[in-house]
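Q: I have a model open and would like to go through it piece by piece. Can we start with a strand?

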Amino acid sequence: MVVLGGLQLQVSNKKENCRRVFLWKKQLRRNHLRLPRGILRISFSVALDSPLALPPVKLSSSFSLPLLDRSFRIDYVNNCFLKDGARFRYISGSIHYFRVPPAYWKDRLLKMYMSGLNAVQIYVPWNYHEPQPGVYNFSGDRDLEKFLNLVAELDLLVILRPGPYICAEWEMGGLPSWLLTKPDIALRTTDSDYLQAVDRWLGVLLPKIKPHLYHNGGNIISVQVENEYGSYYACDYNYMRHLLGVFRASLGEEVVLFTTDGTSASELKCGTLQGLYATVDFGPEENVTEAFMLQRLYEPKGPLVNSEYYTGWLDYWGEAHSTKSAKKVANSLQKILEMGANVNMYMFQGGTNFGYWSGADYKDGYKPITTSYDYDAPLSEAGDPTDKLYIIRSVISKFQELPAGPMPPPTPKFAYGYVSVPQVSEIPSGIAVDTSCGFCSAFQAHGFMLYRTLLPQEIVESALLSASGNGVHDLAYVLLNGEYQGTLERDRVNGINISGQLGDTLDLVVESMGRINFGANDSDFKGLIHNITLGTSILSDWIIYPLDIDTAVAHAWPPTAQSSSGHRGPAFYTGTFTTPGISEDSYLKLPGWTKGQVWINGFNLGRFWPVRGPQQTLYVPGSFLSGSAINTLVVLELQEAPDNPKVLFVSRPLLNVTYNYTHKDRK
């Protein structure tokens, strides 16, 4: 005897078995019960009080029962997807588990389900899971399979996008920066070094994915290969063929594999490949019919699919906060659904680029992306339903029944008020390494490095300290004998004037603001990538100190130091605070501060840059706070701290204040 789906089942003879199995399978389908794929040898008895009860029979023998087949495939005749043989259309939304604290995964997914979605779309960032070659992390906030299981618990399907390149406005588009230890590597091509690393990574990832495929009993209905490859300069079809072979060998022939590209002929030409179903991405600004006509040039038959329907857009430091009209988003969504198309809304919840994970674009110059990835999405950065969500939900209700029950409320927010951070410590140096490729020479993926040399001569009158060939990637905070002199900035500030004595110590604290994540993203090396000159002299004999600040902060560094006010140049400010017995979400505002990084209880909240904007507050998840113990706050200010160093916890975000870049952050 065995219990399946709450049923105790028992059989009598073969003839009766056939009739009962037919009725049992029919009732299982009607009640949406799922069973694992395969053959199971069982015996039946149905409890009389079961809502699925059949007339009882006596136990006399057992038999082999074929379980229900599960399938997800493309119907090229009727131009649709088929799920378990029936016509199916997905209405999906993007969420990134790596931008949401694990404590809130279920909350966000439940809100997506209650919005009427039947699927979610998920990226997998390679660099998040393989921080060093051959070192893998799938635990804690990187537990991909736990996230997939939570999605399944809420009866949501998954459209998986495992790369290896993902874009996502994420550091280096998800590619690990240690690839750049080979300076001549050609990313996203058939370069042998690159393919060797890709194959090793996919050899770890794809076996984890396979049990979660829909036809294997999981909830992944389709898998994207690469991402928007038509936007990349290489147009290497052999690279795409190689990936297709790897995905098929690992995942099998049944799974739907697809590509996504923009709606231009050049993008679709280089991004598509026979054997991969071609889909498109576009936002509410584009004509829906014309956009899908471009998909039809490459997929004359099969379902219409918009894999990235843009509900909002990303933000860059120094530019206005991006928004999209909720009405326009909803109207265009309705047109998509009226055409019978499948759609994924990018993003449905954006989340946060905690730590150093935000990427950058290169459009007439280097453009780093903000810490907030709010995206003006239907669910806010903190996962709260917006007016845009309810308008979208109303559109969805015209095409399919919404789940019963109310939308979960916003998470509670609390304004903890001002917290003083009076203790100041200088940035320490670490271990000296060679200078062959900047950050990668020290195997440092993110953050900061200290370059140190001595002035080779006396500079009586000020001379120009500059980086040839725009050689600072991305900012360099200049100190002479520990005194802050100013900042060099990629594509913006190439030189400052300094003066000093022979043998004075010249320090450059160099910050990576994120590697380029989209388009012709050639290897974006970080650090000092070209010579630094003082007047007409090239400076040499640099010693490089990698600064593993996160590890130090996690071990209660910096130690208690002197109090200070109005300090200029890179320094740490430390303070503590308690909450009134709660640990609710909040937002951290830094009035009077210039630029830097913040840690709470050892967790890196991300970059702040209020003088550049538009983002003025950092999202502080309540799960990072303690309601019963002392909380520790560490602020790394890189340019100039306020006279009375303190921060302010508020209950609302502020993402839309922009200043001209010639403000004091340029000093």
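A: Take strand 12 (residues 256–262): seven of its seven residues are buried, so the strand is largely enclosed by the rest of the structure. Buried means under 20% relative accessible area, exposed means over 50%, and partly exposed is in between, with a 1.4 Å probe and protein chains only. Strands are DSSP runs of E with at least two residues, helices are runs of H or I with at least four, and both are numbered from the N terminus.
A: This is a predicted model, where local features need pLDDT of at least 70, side-chain atom pairs count only at pLDDT 80 or more, and totals for chains, interfaces and linings use all residues. Residues are numbered from 1 along each chain as its sequence is written, and side-chain values use heavy atoms, with hydrogens and water left out.

Q: Which residues of strand 12 point which way?
A: Val256, Phe258, Thr260 and Gly262 point one way, Leu257, Thr259 and Asp261 point the other way, and all are buried. In a regular strand the side chains alternate between the two faces of the sheet.

Q: How many bridges join strand 11 to strand 12?
A: Three bridges join them, and the two strands run parallel. Ser222 stands opposite Val256 in strand 12. Two strands count as paired if DSSP finds at least two bridges between them.

Q: What is the handedness of the link between Cys235 and Cys270?
A: The link is left-handed, with -90° about the S-S bond.

Q: Is Cys270 buried or exposed?
A: Cys270 counts as buried, at 13% relative accessibility. Cys235 is partly exposed, with a relative accessible area of 23%.

Q: And Cys80 and Cys167?
A: Cys80 counts as buried at 5% relative accessibility, and Cys167 counts as buried at 4%.

Q: Where is Cys80, then?
A: Its number falls in strand 6 (residues 80–83), which pairs with strand 5 in the antiparallel sense over four bridges. Phe72 stands opposite Lys83 in strand 6. The open sheet here has three strands in the order 5-6-7, with antiparallel pairing. Its edge strands are strand 5 (72–75) and strand 7 (86–88), each pairing on one side only.

Q: How much are neighbouring strands of this sheet turned against each other?
A: On average by 45°, direction ignored. Axes are lines fitted to C-alpha atoms, for helices over the stretch in contact, and angles run from 0 to 180 degrees between N-to-C directions.

Q: Changing topic: at what angle do helix 2 and helix 4 pack?
A: Helix 2 (residues 105–114) and helix 4 (residues 144–153) pack at an angle of about 35°, with their axes 10 Å apart. Trp105, Lys106 and Leu109 in helix 2 meet Lys146, Phe147, Leu150, Val151 and Glu153 in helix 4. Contact means heavy atoms within 4.5 Å.

Q: Which residues of helix 2 are buried?
A: They are Trp105, Arg108, Leu109, Lys111, Met112 and Met114. What covers them includes helix 4, strand 8 (91–95), strand 9 (119–123) and helix 10 (387–397). Just after helix 2, Gly116 takes a positive phi of about 105°.

Q: What about Val135?
A: Val135 lies in the loop between helix 3 (126–129) and helix 4. Val135 is partly exposed, with a relative accessible area of 40%. Leaving aside neighbours within four places in sequence, Val135 is in contact with His129 and Glu130.

Q: Last one: what is the order of the five strands in the other open sheet?
A: The order is 19-31-36-33-34, and the pairing is antiparallel. Strand 19 (423–426) and strand 34 (603–608) are the edge strands. The twist averages 20° from one strand to the next. Within this sheet, strand 31 (residues 571–577) and strand 36 (residues 631–637) pair over seven bridges, and Gly575 stands opposite Leu633 in strand 36.

Technical notes. Disulfide = S-S within 2.5 Å.
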